[in-house]
Amino acid sequence: TLADEMGATLSARAEAQGLSSSVSIPAALPELVMGDRARLRAALENLIDNAVKFTERGQVGFAVSAARAARGRHRITFVVTDSGVGLSKKELAQLFRPFGQASAAVARRFGGSGLGLAISRRLVDAMGGLIGMEPAQGGGSIFWFTSRPGLGAAVLAMRALRKLMTRGLASAKNSLAAAATSSWAATSAAR
């Protein structure tokens, strides 16, 4: 799954930098959701790259959780943590702007264009989610974003068949039509 792939990516990059890592992907995540795998991957890779890049020693982490939302949807929350340089409130205001760096000193020390978080914000916005950052206790950062994908086409089709058996043809036909005309590609974003 994408969550498992991103957890493995974070762990491998952390190990290459001599960092410890933690990954938390609960088994209770929905098996198949409708979402944009490419956008999710790009946003997560930016956050993971930054976590490893700005952490010289200590730990980086990746966690995923899901909560039910309206109309058979879920809210998936992705969290990337680090024990790196951390940010002040003033620096935080610059973060999600194109070419924004936390400070000139951090830009000189770690490099980068200042586009990664701006790109991540646009990707998350395009998926109808939210993105943010909070300082971690004791230093470092907690970056998170939410995505609100729908259930996968297979799950929707099974629900339509269940409706056919219990409520009749008209209700099932509407449900199948909704599943077939979804604009999202089926994505295994979680287990």
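## Helix H1

The buried residues of H1 are Leu2, Ala3, Met6, Gly7, Thr9, Leu10 and Ala14. Viewed down the helix axis, the buried residues of H1 fall within an arc of 160°, so they line one face of the helix. Exposed residues Glu15 and Ala16 sit on the face of H1 turned away from that buried side. This is a predicted model.

The buried residues of H1 pack against strand E1 (20–24), H2, E3 and E4. H1 has 15 residues, which at 1.5 Å a residue should span 21 Å; the end C-alpha atoms of H1 are 21 Å apart, which agrees. Just after H1, glycine 18 adopts a positive phi of about 75°.

## Nonpolar core

The largest nonpolar core holds 31 residues, of which Val60, Phe62, Val64, Phe78, Val80, Phe143 and Phe145 touch the most other members. Two or more residues of this core come from each of helix H1 (2–16), helix H2 (37–53), strand E3 (59–68), strand E4 (74–82), helix H5 (116–126), strand E5 (131–135) and strand E6 (141–147). H2 gives the most, with seven residues.

Leaving aside residues up to four places away in sequence, valine 64 touches Ala3, Ser24, Ile25, Pro26, Leu29, Ile76, Thr77 and Phe78. Among these, Ala3 is a buried residue of H1.

## Whole protein

The secondary structure comes to seven helices and eight strands. Of the 191 residues in the protein, 39% are buried. The protein exposes about 10100 Å², with carbon and sulfur atoms supplying 55% of it.

Among contacts between residues at least 6 apart in sequence, 67% join residues at least 24 apart.

Note on methods:
Residues numbered from 1 in each chain as written. Predicted model: local features only at pLDDT ≥ 70, side-chain atom pairs only at ≥ 80, totals over all residues. Heavy atoms only, no water. Core = buried A, V, L, I, M, F, W, Y, C linked by side-chain atoms within 4.5 Å. Buried < 20%, exposed > 50% of the residue type's maximum accessible area, 1.4 Å probe, protein only. Helix = DSSP H or I, 4+ residues; strand = E, 2+ residues; numbered from the N terminus. Contact = heavy atoms within 4.5 Å. Areas by Shrake-Rupley, 256 points an atom, 1.4 Å probe, with all protein chains shown as cover. Expected span 1.5 Å × (residues − 1). Arc of directions from axis to C-beta.
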